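User: Could you take me through the labels given to some residues and ring pairs here, setting each value against its cut-off?

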Amino acid sequence: MLRRDFLYGLSASLGSAAFTAMLADANQDTTGQSHQRQPHFPDAKAKHCIFLYMEGGPSHIDTFDPKPTLNRLHLKKFQRQGEQQSAMSGGTRYYVESPFKFRRVGQAGIPMSQPWQHLPKVADDLCFYRGCQVESVNHPTANYHVNTGNRFGGDPSIGAWVNYGLGSPNKDLPGFIVLPELAYPQGGSANWSNGYLPTSLQGTPLRPKGSPILDIAPPDGVTRQHQRENLDFLQQLNERHASLHPSHEDLKARMMNYELAFRMQMQVPEVLNIDDESEQTLRDYGVGVQPTDNFARRCLLARKLVEKGVRFVQVYASTWDSHDYLAKAHGALIPAVDRPIAALIADLKQRGLLEETLIVWMGEFGRTPDNGVRGGGLAYGRDHNPNAMTIWMAGGGVKAGHVIGATDEIGGEAVECVHHIRDFHVTLLRLLGLDDNRLTYYHAGRFKQLSQFGGQVIDELIA
């Protein structure tokens, strides 16, 4: 076996997941408060977060931010010199109108493009924000910026910070779980890294195919009773050895790890099994039918994980990078996530969980109102745009049924309620009851925080 294969198997195994969660135990305050910590702001409504990440950069202009001016400018060419947005953004450009019709939905009359057929049913639960700006136009660095606050990676992810601040209410499951697609997003697992925080706080990715965690089931012929008897015998031997070596902390940790892995074998299969859901629930999410099945299963799993107390769940949907053939690309991507997302919101609301669950929908940046002439021809798509994007949130104390901020008449730049991504990070923490300036960790000679050096809460987004 190659060393890289061994390390890969180790990182995806039950033992690794158990060890990660066990380390979380060791890093909690020994106050008898279980795994949970008190938030900085007790009035915060959100206790969990489901982060729906549309990797690749969805187009705000073709989803939730209509720009009729582009209908008049469609195919009009102009020259742009320099790398104002990215290396691909110079030279001959042409404006591109949206291939989709828009209509206003919900009591608030929120604009949505035609491919969204199910999300309009929950439009009044959504809060749209059009004023966010980022810095990077390259996918890996932009992903790092959104997920960790640092364009260059290596820092803790949002989920790690949230679990550091609040702890986990379920000692038998990781507090931060990631549901990626078959291929990881650009930038890889550093998008859910613990960075310089304790390793217990890193995201635990569940494999989208096959067993979500390797070795989750006992070997053939080994029953739960056999496992229990073996663990009890091993416990006796370890306790005898520990009495002779009271300072041997590694042995104590190993004993805890065995027990936690045993408990996870009981709980994880139950949580990850969606067969016990009603036929109506499976149908609402779009399980078992195309194009929704893949994302639907992960959205349904996100709800089950939140029910079990998992603090932060991140669900990825990739390939939103529509430089060309926008109508075909976004026309297929939106229906794949539309029905599952609407069902997730309705399901949480019906179960009384939406108010305490913050849902965030976003990508790493927005798209340009124009495209470049490449290969001598025109293909109706859009390039990367760090200056304008749409984020929406639901539940968790956000101002539902509102559109906050605005972009200019062609969607090229945010012009109202404009804030850097660090301010959005600070606001997300505030909704979960955390103060970015108090949620710090001493590393490399100074106290560090998610925002890097502080930020401003976007009060307009909070109910």
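What follows is a short exchange about a predicted model.

User: Why is H139 called buried?

Analyst: The relative accessible area of H139 is 8%, and buried means under 20%, so H139 falls in that class. H139 is found in helix α4, residues 139-148, and touches G56, Q186, D321, E364, F365 and H384, leaving aside residues up to four places away in sequence.

User: What makes the pairing of the side chains of H139 and H384 a polar contact?

Analyst: The side chains of H139 and H384 are joined at 3.1 Å, and the cut-off for such a pair of N or O atoms is within 3.5 Å, so the polar contact is counted.

User: Why is the pair of F64 and W116 called stacked?

Analyst: The ring centres of F64 and W116 are 5.0 Å apart with planes at 25°; since pairing needs centres within 6.5 Å and stacking needs planes under 30 degrees apart, the pair is stacked. This pair links distant parts of the chain, 52 residues apart, with F64 in the loop between β1 and α3 and W116 in the loop between β5 and β6.

User: And what makes the pair of Y442 and F447 edge-to-face?

Analyst: The centres of these rings are also 5.0 Å apart, but the planes of Y442 and F447 stand at 65°, and over 60 degrees counts as edge-to-face, so that label applies.

User: How do you know whether F447 is buried or exposed?

Analyst: F447 has a relative accessibility of 53%, and exposed means over 50%, so F447 counts as exposed.

Note on methods:
Residues numbered from 1 in each chain as written. Predicted model: local features only at pLDDT ≥ 70, side-chain atom pairs only at ≥ 80, totals over all residues. Heavy atoms only, no water. Helix = DSSP H or I, 4+ residues; strand = E, 2+ residues; numbered from the N terminus. Buried < 20%, exposed > 50% of the residue type's maximum accessible area, 1.4 Å probe, protein only. Polar contact = N/O pair within 3.5 Å; in protein donor to acceptor, adjacent residues only side chain to side chain. Contact = heavy atoms within 4.5 Å. Phe/Tyr/Trp six-rings, centres within 6.5 Å; stacked < 30°, edge-to-face > 60°.
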